[in-house]
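I opened a new page for this structure.

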Amino acid sequence: MNPGTGFAGRAKQRPPQPRASVSPAGQTPTTLGSTATGSVLYLLPIKLAAPEFALSSSSPHPPSATLSGQHVAVVGAGAAGLVTARELLRAGHQPTVFEQSASVGGVWVYTPNVDDDQSGRAVERAVFSSIYATLRTNLPSDLMAFLDYPFDSRGGGQDHWPRFPHHSCVLTYLQNFCRDFDITPCLRLEHQVLAIEPQVSGWQVSSRQQGQAPVTQHFDAVVVCNGHYSKPRVPALAGIEHFQGLVIHSHNYRKPTAFADQTVVVWGAAASGADISREIASCARQVHWCGAALVAAGAAVGPTATRPNLHRHDDPVGFNPQGELLFADGSRLTDIDVLMFCTGYGYQFPFLAADIVQVTDNWVNPLYQDLVAPAYPSLAFIGLPYLVVPFPLFAMQARWFARWLAGSFSRPSETAMQQAMADHLAALTSARVKMRNYHKLADKQTHYYNQLARQCGEPPLPNWFADLAQSAQQARLADPEHFRDQPLPS
Ligand SMILES: Cc1cc2nc3c(=O)[nH]c(=O)nc-3n(C[C@H](O)[C@H](O)[C@H](O)COP(=O)(O)OP(=O)(O)OC[C@H]3O[C@@H](n4cnc5c(N)ncnc54)[C@H](O)[C@@H]3O)c2cc1C
């Protein structure tokens, strides 16, 4: 499940279904048009602003002299990498998409395999996907879709799919996207990117095809789309060495039957914790679901109404030497078989030197608009923001960067980018946002999307989009167990 749409408030009108025609790869840059119903329908050519570069001469990495037709390395062929390739093609660039696995789709490629250390703390042989067997999306497919490529039969899906589809449907949709936009020739499957190094002009990208020696190639630009739902984040828990049971991160959760008749503690109040604790409660003896947000949200500590063996708790404070799990109110849990961390994931860029970007308490910095490093304007990161509706946001970020590279709109100087970043940081600091939440957009995502759209000459998000996101959010909060099978506005 997506951690949440981040849209709050009341839906004001019944959103129309998106209708779209598919624009093939390499088509002229386009803008969204309207139908008779006023909904966003299809793509029309737009007039782009004249190129205007104002990078300060202090930049160690000035843009390539050739603006269109740039050779661009894309790291990763998940949803972000695929839509980035499409937008680069549309803007006249030449993308090469490196994908370490044998197929496209990223997290949507389910595997029954798990990490060699299921706790996620000392992993040597890692699996990439964090999807479990029964997972269905927690966003309706009309929001999941790239805005101009719906999930129904006119785009990359099937009309009989449920509105909250199974993960296998999302994978099929992405495979169809790849086919329909002619991205396949750009793919280098089973090619892992090992290192990306800046040159006087452009980038040197070292990659290794499975079973082969590493190869180095030159590119004008690089887009990093390596995902951030693969490296488990495991918070410290005092006395965990006294716990003798299984410690597992949700990254390695696949099926509830593995926990039949066991007592399971699930720690994490976000979407994964909510869905997995309910699923496990269908066959476990007892499930103790822990998280400060559960208590802060006003939910009574104790059994849930719908599942008497699913109990809510505050955050635990640690284990005692007897292996009992302790809570701040003095209560304790005994005879625990499994401790499952549903505590999220971390960003990682093992192929990039720390002087390009660094990850500080899960904040990737320095980045202008969570997208480009000011000193390296030919390097972009697509998909960093979270608590968002991901696919449409990826598409807008990708379109923005493809046009940024092509010089299709006016770029700020490096100094102006630094100033914008300083202002943004000051706003986050004064709002007391924790650093690890700096990439959380939530109710700021419409503003973020529309700002990128305005800068690169695209229309804002259609009204139906936020309305439907609000309805979906409300439905999920009202009935977390059954919302996927209940009707939404159409
Ligand atoms: C359990 C779970 C449920 C989710 N549910 C939803 C949902 O309901 N709706 C929704 O919209 N989103 C959901 N998401 C979020 C989902 O991750 C995003 O929607 C999106 O698919 C992420 O795409 P991505 O391309 O950024 O990353 P990924 O899908 O992670 O793809 C990254 C790709 O990069 C490749 N890669 C990484 N490093 C390298 C390297 N060095 N060299 C070459 N290739 C590399 C990987 O192999 C992978 O294919 C969910 C996530 C999880 C974990």
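The model is predicted.

**Entry: helix pair**

I looked up where H6 meets helix H8. On the H6 side I found Leu393, Met396, Gln397, Arg399, Trp400 and Arg403. On the H8 side they meet Gln445, Tyr449, Leu452, Ala453, Gln455 and Cys456. I sorted the residues of this contact into seven nonpolar, three polar and two charged.

Next I checked the geometry. Two packed helices are described by the angle between their axes and the distance between the axes. Here the axes of H6 and H8 (residues 445-456) come within 9 Å and cross at roughly 25 degrees. Angles under 35 degrees count as roughly parallel, so H6 is roughly parallel to H8. I noted the crossing of H6 and H8 as left-handed.

**Entry: ligand**

How many residues surround the ligand? I noted 35, and the closest are Gly76, Gly78, Gly106, Thr137 and Gly227. The shell divides into 18 nonpolar residues, 16 polar and one charged.

Helix H1 (79-90), strand S4 (94-99), strand S6 (191-198) and helix H6 (390-406) each supply at least two.

**Entry: strands**

I followed strand S19 (residues 338-341). S19 pairs with strand S11 (residues 246-249) in the parallel sense, over four bridges. In this pair, leucine 246 stands opposite valine 338. Strand S12 (residues 263-267) also runs parallel to S19, joined by four bridges. There I found valine 265 opposite leucine 339.

Definitions and conventions
Residues are numbered from 1 along each chain as its sequence is written. This is a predicted model: local features need pLDDT of at least 70, side-chain atom pairs count only at pLDDT 80 or more; totals for chains, interfaces and linings use all residues. A residue is near a molecule or strand if its C-beta atom, placed from the backbone, lies within 6 Å of it. Ala, Val, Leu, Ile, Met, Phe, Trp, Tyr, Cys and Pro count as nonpolar, Asp, Glu, Lys and Arg as charged, and the others, Gly among them, as polar. Axes are lines fitted to C-alpha atoms, for helices over the stretch in contact, and angles run from 0 to 180 degrees between N-to-C directions. Angles under 35 degrees count as roughly parallel, over 145 as roughly antiparallel, 65 to 115 as roughly perpendicular and the rest as oblique. A crossing is left-handed if the near helix is turned anticlockwise from the far one by less than a right angle, and right-handed if clockwise. Two residues are in contact if their C-beta atoms, placed from the backbone, lie within 7 Å. Two strands pair if DSSP finds at least two bridges between them.
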